Amino acid sequence: LWCAVFEHFRGAAQISDMMWKVSRYLDGCFHMLLALGFAHLHETATGAQMLALLRDKLLFLVGLLQSQPSLLEQCPFFGKNLKSSLKWTATLIHSHPLAFAQADVGQVLRV
């Protein structure tokens, strides 16, 4: 579901605030799952791939902020989503540093 919504966002010309709200909740669930749902994320077969997905979403959010700064005013949940994603990414780095090392930390953090 998370991937489907993200793909929809990539192809959408305009995204409503309600969809940003949905995205925020789905992103939060995915971040919490990764940060709190695995004792050793680096030992999972798809840990590095999941981190790459999160990196792509974060790049997408930052890219939108750079190209359309007015989104912060027009869609309050866009800003909340970006802030939450940054916060949870920091939590993930603290909780699972080995997963970031395995996923090539330089690539994952190059935003």
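This is a predicted model: local features need pLDDT of at least 70, side-chain atom pairs count only at pLDDT 80 or more; totals for chains, interfaces and linings use all residues.
Let me start with the aromatic rings, of which the structure holds five pairs. One of these is formed by Trp2 and Phe6, whose ring centres are 5.6 Å apart and whose planes make an angle of 40°, so that the pair counts as tilted, the class between 30 and 60 degrees. Both residues belong to helix H1, which covers residues 2–11, and they are four residues apart, about one turn of the helix.

Another pair is made by Phe9 and Trp20, and here the arrangement is edge-to-face, with 4.8 Å from centre to centre and 75° between the planes. Phe9 lies in H1 while Trp20 lies in helix H2, residues 17–36, so this pair ties together parts of the chain that are eleven residues apart in sequence. Phe9 has a relative accessible area of 1% and is therefore buried, and Trp20, with a relative accessibility of 1%, is likewise counted as buried.

If we return to Trp2 and Phe6, we find that they belong, together with Phe30 and Phe60, to one aromatic cluster.

The crossing in which H1 passes H2 is left-handed. On the H1 side, the residues in contact are Trp2, Val5, His8 and Phe9, and on the H2 side they meet Met19, Trp20, Ser23, Leu26, Asp27 and Phe30.

Between these two helices there is a loop, and Ala12 is found in it. Ala12 counts as partly exposed, because its relative accessibility of 23% falls between the 20% and 50% limits. The C-alpha atom of Ala12 is separated by 19 Å from that of Tyr25, a residue 13 positions away along the chain.

Finally, I would like to point out a contact between a charge and a ring, in which the charged end of Lys80 sits over the ring of Phe77, at 4.6 Å from the centre of that ring.

Terms used
Residues are numbered from 1 along each chain as its sequence is written. Side-chain values use heavy atoms; hydrogens and water are left out. Rings of Phe, Tyr and Trp (its six-membered ring) pair if their centres lie within 6.5 Å; planes under 30 degrees apart count as stacked, over 60 as edge-to-face and the rest as tilted. Buried means under 20% relative accessible area, exposed over 50%, partly exposed in between (1.4 Å probe, protein chains only). A charge sits over a ring if NZ of Lys or CZ of Arg is within 6 Å of the ring centre and within 35 degrees of the ring normal. A crossing is left-handed if the near helix is turned anticlockwise from the far one by less than a right angle, and right-handed if clockwise. Contact means heavy atoms within 4.5 Å.
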